[in-house]
Amino acid sequence: MSGSSSNQYSSFLKLCCETRNQTQVKKLHCHILKTLSNPEPFLSNNLINAYGNLRNPLYARNVFDKMAQPNPFSWNTLLSAYSKSGDLSTMQDIFNLMPSRDGVSWNSLISGYAVHGSVTEAVGTYSMMLRDGSVNLNRITFSTLLMLSSSKGQVNLGRAIHGHIQKFGFKACVFVGSSLVDMYSKIGSVHEAVKAFNEIPQRNVVMYNTLITGLLRHGVVEDAKCLFHNMKERDSISWTTMITGFVQNGLDRDALNLFQEMRLAGMVIDQYTFGSVLTACGGLKLLEEGKQVHAFIIRKDYKDNVFVGSALLDMYCKCRNVQYAEAVFRRMRHRNVVSWTAMLVGYGQNGFSEEAIKIFSDMQKNGIEPDDFTLGSVISSCANLASLEEGAQFHAQALMSGLISFITVSNALITLYGKCGSVEYCNQLFDEMVFRDEVSWTALISGYAQFGNADKTITLFEKMLAQGLRPDSVTFIGVLSACSRAGLVERGYRYFESMSRDHGILPIHDHYTCMIDLLSRAGRIKEAQDFIHKMPFPPDAVGWATLLSSCRVHSNLEVGKWAAESLLDLEPTNPAGYILLSSIYAAKGKWNTVAQLRRGMREKGLRKDPGCSWIKFKNKLYIFSADDFSSPFYDQIYAELEKLNEKMIQMGYVPDASSVLHDVEELEKIKMLGHHSERLAIAFGLIFIPRHCPIRVVKNLRVCRDCHNATKYISKITQREILVRDAVRFHLFKDGACSCGDFW
């Protein structure tokens, strides 16, 4: 066979390797065997190399064994095939059989052990190599060992190799220098990375990029900027590294500015550049800028890139434009687990939890297996819906798939069970976790806090601190809200003051709202007013509404008017101010003023959100509003309520009509109370949900005082466990008692 034919076959083999087409390599191999009785070593070596690159060492060995006289290149190529495949035992056997060894042989053996994480064997082989003589040492040897040091966090090994680099005269090698800088950066020794960089006389753009990456990874942004601006030559990687580093360090605006400079410099922009820029747009919620980047992506023909498509989805979702995100998702030709997860998370973050659950189902139908982040995200959506049934199904999936071992999934499950009122499952999951982080503790603390179980909440919080874990702002929201619901004013004050003093957490609106609630709920309305005057910023709408709600409970008209006026100044279109203030006047019988407030609402086109409650049965949601006759089961529901009402009155139930804000007769008020949405949902549950299952109802507004008391009676009469989750907290009724406490 001529040398030109061998070259032609070798070119075909190389092309097959580039396209990862092992079938075509085998076909070429068959053709060679049919046409040639004795292929020359050059072609055989290329066949061995092709099978090695495609991770098929058995076929590579078959070609090698049929060679009449394998040369040193043949041995090294076969050794490399086993090195890449991970068959380290056979790799060592081949090395031992080699008639002669050179630097390539030693490096293949070291690389095989290093790539597969066998530190002891890799270092042992390096020591043998040194005993065989330093003549075989080259830049590949040191680069491989430095990579092993950084990947396994072997600081001492990395420093020892650094010493050998200097000893054997490789410190001026740019290739080795880049690996050295990268190693020190990855093990967290930024100072040593800079020192190694400065010791190398000749530096190329790769070395600059490596050090910039290390500096930005550890937050040394200003030094990275100086290094970047002092570069004589920059490539696209230099610019993208800086843009990505800015985003990772929260400097989204700087990232966008640098992207504009990169475009003006005429640099090639790749998928990673676009990904980081879109992340910056999403972080700043700059929808228009994001659209401009999207248009640029289309012009550069990256619209079908799955990495860029996923980043576009994430950007639009963070800018709260789910419609655009859906359009991008529909048009994506290729989707992977990242793109599906981006759409799922986007739905969840924007309040479309049901859509998030649906798209998770669609993802699995398309053969995409969820990872821990995907499963954790869909469980979080179930938590937002308080959908225990679906959440329990995902719990089972986590157990079967093994993803339960990931802390993201376990934390999401604890949050789910907490939001669904099953704190016993929260505890069980928490106790079963091998590793717990701050999120785990916070999820459990928040679960107890939502039930007003202050003792357990505070005990867990103190345990968390004792274990040296740092609470975050969410942890303190749980602790402060628990103190509020239990009336622990002084303790709540102490925790609030400790936030900034002991933990360096600056209170935000949510924390101040908890303190307003803490004081006003305890009836200390004047103290709450004084607290607001001392705040560094005015309360937000939730804060004013919280104070106003307590003024209604404690009939404080003076402070209530102040809170209502402040709320209306802040949000003129928010009906809460009118509604809460009118309830204060209604409680005092000032119906003319109530009528004026309602007339003002109508003139401004404001409407109160209608109260509704929902309950799930056989994976279907049943929604009820007050005096609702739309259900096909309304006759059974109202008959059940009438029957319960008679038994409740016999047991001593007295309706509390103070929450009925209408100027009607007392009997009419009592009738209106009896048909509130949560009672209709509870009656439905009593009729259809099996006795051994708890009745779980969710309400979009706060449960009124009378319905809270009535549900205690219903629980006692029926001997059923009833859980109502409203806009404020949980109400768990069992045997006629409410475990969350009756703090109104």
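**View 1. Leu 723 stands opposite Leu 732 of strand β5.** This close-up comes from a predicted model. Strand β4 spans residues 722-725 and pairs with β5. The pairing of β4 and β5 is antiparallel and runs over four bridges. Strand β5 itself covers residues 730-734. How many of the five residues of β5 are buried? Four of them are, leaving the strand mostly covered.

**View 2. Strand β3 is mostly covered.** This strand runs over residues 695-699, and five of its five residues are buried. In a regular strand, side chains alternate between the two faces of the sheet. Which residues of β3 point one way, and which the other way? Ile 695, Val 697 and Lys 699 point one way. Arg 696 and Val 698 point the other way. Residues of both groups are buried.

**View 3. Strand β3 pairs with both β1 and β4.** Strand β1, residues 612-617, is joined to β3 by three bridges. These two strands run antiparallel. Here Ser 613 stands opposite Lys 699 of β3. Strands β3 and β4 are joined by four bridges and run parallel. Ile 695 has Ile 722 in β4 as its bridge partner.

**View 4. Helices α21 and α22 cross at roughly 165°.** Helix α21 holds residues 337-349, and helix α22 holds residues 353-365. Their axes come within 7 Å. The crossing angle of roughly 165° is over 145°, so α21 counts as roughly antiparallel to α22. The crossing is left-handed. On the α21 side, the contact is made by Trp 340, Met 343, Leu 344, Tyr 347 and Gly 348. On the α22 side, the residues are Ser 353, Glu 355, Ala 356, Ile 359, Phe 360, Asp 362 and Met 363. By class, this contact has eight nonpolar, two polar and two charged residues.

**View 5. Leu 344 is a buried residue of helix α21.** Why does Leu 344 count as buried? Its relative accessibility is 1%, and buried means under 20%, so Leu 344 qualifies. Set aside its neighbours within four places in sequence. Leu 344 is then in contact with Ala 356, Ile 359 and Phe 360, and also with Thr 374, Ser 377 and Val 378. Ser 381 lies 37 residues from Leu 344 in sequence. In space, their C-alpha atoms are 9.0 Å apart.

**View 6. Helices α8 and α10 cross at roughly 20°.** Helix α8 covers residues 119-131, and helix α10 covers residues 155-167. Their axes come within 13 Å. The angle of roughly 20° is under 35°, so α8 is roughly parallel to α10. The two helices pass in a left-handed crossing. From α8, Val 119, Val 123, Tyr 126 and Leu 130 take part in the contact. They meet Leu 157, Ile 161 and His 164 of α10. This contact has six nonpolar residues, one polar and no charged.

**View 7. Leu 78 sits in helix α5.** The helix runs over residues 72-85. Is Leu 78 buried or exposed? With a relative accessible area of 0%, Leu 78 is buried. What does Leu 78 touch, not counting residues up to four places away in sequence? The residues touched are Ile 48, Ala 60, Arg 61, Phe 64 and Ile 94. Ser 108 is 30 residues from Leu 78 along the chain, and their C-alpha atoms are separated by 9.9 Å.

Technical notes:
Residues are numbered from 1 along each chain as its sequence is written. This is a predicted model: local features need pLDDT of at least 70, side-chain atom pairs count only at pLDDT 80 or more; totals for chains, interfaces and linings use all residues. Side-chain values use heavy atoms; hydrogens and water are left out. Axes are lines fitted to C-alpha atoms, for helices over the stretch in contact, and angles run from 0 to 180 degrees between N-to-C directions. Angles under 35 degrees count as roughly parallel, over 145 as roughly antiparallel, 65 to 115 as roughly perpendicular and the rest as oblique. A crossing is left-handed if the near helix is turned anticlockwise from the far one by less than a right angle, and right-handed if clockwise. Contact means heavy atoms within 4.5 Å. Ala, Val, Leu, Ile, Met, Phe, Trp, Tyr, Cys and Pro count as nonpolar, Asp, Glu, Lys and Arg as charged, and the others, Gly among them, as polar. Buried means under 20% relative accessible area, exposed over 50%, partly exposed in between (1.4 Å probe, protein chains only). Two strands pair if DSSP finds at least two bridges between them.
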